[in-house]
Amino acid sequence: MSDAPYLSLEKLTLAYGDTVAVANLDLPIRKGELVALLGPSGCGKTTTMRAIAGLLPVKSGHVRLDGADITRVPANKRAVGLVFQSYALFPHLSVYENVAFGLKLKGMRGTGLDAKVRSGLTSVGLSSFANRKPAELSGGQQQRVALARSMVMEPKVLLLDEPLSNLDARLRLEMRTELQRVQKETGVTMIFVTHDQAEALALADRIVVMKNGKIEQIGSPEDIYNRPTSSFVADFVGFENIFPIEQGKMKTSSGLIDLSGPAPSAAGLAWRPRMVTLGSGPFRGTVRGTSFAGDSREYLLDTPFGPIKAEVEASQPAHALGSDLSFDLPAEKAAPLSRFA
Amino acid sequence: MSARSLFIPLTLFLVLGFLIGPFLIIVAASFSGGETLAFPPQGFSLRWILKVFTVESFRASFGMSMFLAIGGTAAALMLGIPASYALSRYKLPGAEIVRTVVSAPIIVPGIIVGLALLRYIVVPFQVGITPALFLAHTALVLPYAVRVVSASLDNLRSDIEEAAVLLGSSRLGAFFRVVMPNIRGGILSAFILGFVTSFNQVPVSLFLSGPGVRTLPIDMIAYMEIVFDPSVAALSSLLAFLSIGIVFAAERFLGFSRYV
Ligand SMILES: Nc1ncnc2c1ncn2[C@@H]1O[C@H](COP(=O)(O)OP(=O)(O)OP(=O)(O)O)[C@@H](O)[C@H]1O
Ligand SMILES: [Mg+2]
C-alpha cells in the first residue's frame with residue numbers, strides 16, 4: 001500500500017441546479033483502501049459517489065484516479081464500478097447475462113468470457129443460479145449478482161451505495177463478511193456508503209463522516225469511535241452526554257460548572273453513558289428513567305445541568321426511579337471536541 | 001333465485017348482446033345466399049365471402065389501408081418512443097403541455113381532425129393524397145403510441161441505464177441494450193393498438209381520400225352506395241375476425257391488456 005493517493009477528490013463541489021449538495025470536498029484515498037462514507041440522510045453521500053462514478057457532472061474541483069484527472073471523463077470510460085442500493089439488475093437478462101454484460105462490451109467472447117463469468121458467479125456463491133432471472137432471486141442474491149457484475153469488470157474503484165441496507169440482519173452480517181473477503185482477495189479500492197455506524201466500524205479501514213455536504217471528520221474506526229473531534233460526530237457514534245466548554249468550565253442550562261480535575265482546553269467534552277461514574281462524585285441527580293439492556297442497565301438522570309445518560313453493569317444493584325444519586329463526569333475520560341456545533 | 005341475484009347476470013347479458021349483437025347479424029348476413037344485404041339471411045352460401053376477393057377496388061384499398069396502418073404506426077412509434085422517453089426520463093419544462101397536445105387526436109372528433117388537416121395543411125401546401133393520408137394516420141396513432149410506451153417506461157426503473165453506462169455502454173447503447181428489450185411488450189402493444197385504430201379509421205380518411213386513392217373502410221362505403229349486396233357484410237366479417245385474431249394473439253403472448 002503506497003502512501004500517494006490513488007483516488008483523490010479535490011475541492012469537489014457538486015450541485016443540483018442552484019442547490020449545492022457537496023461543497024469543497026477534499027478526500028484522498030489510498031490504493032486498496034476500504035473507506036466508509038457515513039452520515040445522516042441527505043448529507044451528500046450518494047451525490048459524492050455519483051460524481052466519482054461520472055453520473056453527475058462536477059460543478060468545480062477535480063477527481064483524480066490512478067494518476068489521471070478524470071473529472072471530465074465520461075462514466076463509461078472511467079473503470080469505476082457502482083453497486084446500486086436498488087441493485088439495478090437488468091430484468092430481461094439472466095444472472096449469467098447480467099454478469100457477462102460489461103465483459104461483452106469489452107469485447108470478450110467465447111471461453112474466456114465464460115470462464116470469467118463463471119468464476120465471478122462462483123466467488124459470490126451463485127454458480128447454480130446462472131440461468132435465473134433477477135426477479136427469481138432473493139434480495140441478498142440480487143445483491144450478490146450486482147456485486148459480481150461490477151467485480152468481474154475489475155474496476156479501479158468499486159463504489160457501493162448502502163449495499164446492505166435492504167437486507168435482514170442475518171444476511172447483512174453474511175454480506176458484510178462477503179464484502180470484506182472480496183475486498184481483501186482482490187485488493188480493490190472500495191468506498192461504501194452507510195447510515196449505520198456499526199457497519200462502518202466493522203468494515204472500513206477508514207471512515208469519512210459527512211454532514212451537510214462537508215466532511216466532518218476522517219479517521220480510523222478507532223479514531224471515530226473513541227476520539228470524535230466534533231459534537232456532531234460524537235453524537236453520531238453514541239456519545240450521549242455532550243457539553244460545550246467555556247473558560248475551562250462546562251456550560252450547562254444552569255450556568256458554568258467546574259469539572260473535577262484540570263480545566264479542559266477543548267471546545268466541548270463528550271461522555272458515553274458508560275463513562276459516567278454513578279454512585280460517587282460531586283454532582284447529584286434524580287433517576288427519571290431506567291432501562292435494562294441485558295448485561296447493562298441504563299439510567300436517565302435529571303440533573304441541575306440537564307438530562308444525563310449513564311450506563312452501568314447489570315450486576316450492580318439497581319437504583320429505583322426517583323432515587324437521588326451522586327455522579328461524576330470525569331474529564332480525563334471524556335472525548336475532547338475541537339468543534340462544537 | 002331472488003330478483004336481486006338475477007339482476008346482475010341479466011344486465012351483463014343485455015350489455016353483451018348489445019355489444020356483440022350487431023356483429024353477429026353482420027356475420028350471419030355475410031353467409032346469405034340472397035342478392036341483397038338482408039337479415040335474417042336467405043339460405044346459406046360462401047359466394048359473398050369469395051366475391052370479396054374478386055373486387056378489384058377492394059384489393060387496392062386493402063393495400064392502401066395496410067400501408068397506412070403499418071407505415072403510419074411505425075412512423076408514430078419512431079416519433080412516439082423518443083418522445084415518451086424524453087417525457088418520462090427528463091423533467092422538461094412544459095412536459096405536461098406536450099403530453100396534452102400529443103393526446104389531442106384521441107379527444108378531438110375525427111371529423112374535426114380531418115377537416116382541419118384538409119383545410120390548413122393539405123390544401124394550402126398542396127400535399128398529395130397518399131402523403132396526406134400517411135401524415136394523418138401517423139398523427140392519429142401517435143397518442144396511442146405515446147400513452148402505451150410511456151406506461152411501460154414508467155414501470156421501468158431508470159437506474160438500469162446508469163448501470164449499463166458504468167459497465168461500459170454509451171447512453172444510446174444503454175437505451176437499445178437495456179431499455180428497448182424491457183419495453184418491447186409495450187411497443188408491440190402500441191403497434192397493435194395503432195394498427196387497429198388506423199385500419200378502422202373512417203372520418204379522417206373520408207376527408208383526405210381522393211380519386212383512385214382510398215382506404216378500405218371508405219371504399220366499402222363507396223361500394224355500398226352503388227351495390228347493395230352482402231359482400232360488404234362478408235368483408236366486414238373478415239376484417240372483424242382479423243382484428244379479433246390479432247388482439248387475441250397479442251393478449252395471449254404479450255398480456256396486451258396490461259398496457260391499454
Ligand atoms: N436529483 C436531485 N435533485 C435535487 N436535489 C437533490 C437530488 N438528489 C439529491 N438532492 C439533494 O442533495 C442533497 C444530498 O443528497 P444525497 O442523495 O447525496 O444524500 P445521501 O447522503 O445519499 O442521503 P441518504 O442517506 O438519504 O441516501 C440532499 O439535500 C438532497 O435533497
Ligand atoms: Mg443516498
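Student: Which residue's side chain has a polar atom 3.1 Å from the backbone nitrogen of N24(A)?

Tutor: That side chain belongs to T13(A). A polar contact is a pair of N or O atoms within 3.5 Å; within protein, one must be able to donate a hydrogen and the other to accept it, and residues adjacent in sequence count only if both atoms are side-chain atoms.

Student: Before we go on, what are the ground rules here?

Tutor: This is a predicted model, where local features need pLDDT of at least 70 and side-chain atom pairs count only at pLDDT 80 or more, while totals for chains, interfaces and linings use all residues. Residues are numbered from 1 along each chain as its sequence is written, chains are lettered from A and ligands numbered from 1 in the order in which they are written, and side-chain values use heavy atoms, with hydrogens and water left out.

Student: Back to T13(A), then: buried or exposed?

Tutor: T13(A) is buried, at a relative accessible area of 15%. Buried means under 20% relative accessible area, exposed over 50%, and partly exposed in between (1.4 Å probe, protein chains only). T13(A) sits in strand β1, residues 7-16 of chain A. Strands (E, at least two residues) and helices (H or I, at least four) are DSSP runs, numbered from the N terminus.

Student: How many helices and strands does chain A have?

Tutor: There are eight helices and 19 strands in chain A. Of its 341 residues, 51% count as buried.

Student: Let's switch to ligand 1. Which residues are around it?

Tutor: Among them are Y16(A), A21(A), T46(A), T47(A) and H195(A). Being near means that a heavy atom of the residue lies within 4 Å. Helix α1 (residues 45-53) of chain A gives the largest share of this shell, three residues.

Student: And which polar atoms lie 2.8 Å from an oxygen of ligand 1?

Tutor: A polar backbone atom of G42(A) is 2.8 Å from a ligand 1 oxygen, and an N or O atom in the side chain of K45(A) is also 2.8 Å from one. For E162(A), a polar side-chain atom lies 3.5 Å from an oxygen of ligand 1. The ligand taken alone exposes 630 Å², of which the protein buries 57%. Those areas come from the Shrake-Rupley method with a 1.4 Å probe; for residues, only the protein chains shown count as cover.

Student: Nice. What about the open sheet: in which order do the strands come?

Tutor: Its six strands run in the order β6-β7-β8-β3-β9-β10 in chain A, with mixed pairing. Two strands pair if DSSP finds at least two bridges between them. In chain A, β6 (80-83) and β10 (214-219) stand at the edges with a single partner strand each, so one side of each has no neighbour in the sheet.

Student: How many bridges join β3 to β9?

Tutor: Four, and strands β3 (residues 34-38) and β9 (residues 206-211) of chain A run parallel. L37(A), for instance, has V208(A) as its bridge partner in β9(A).
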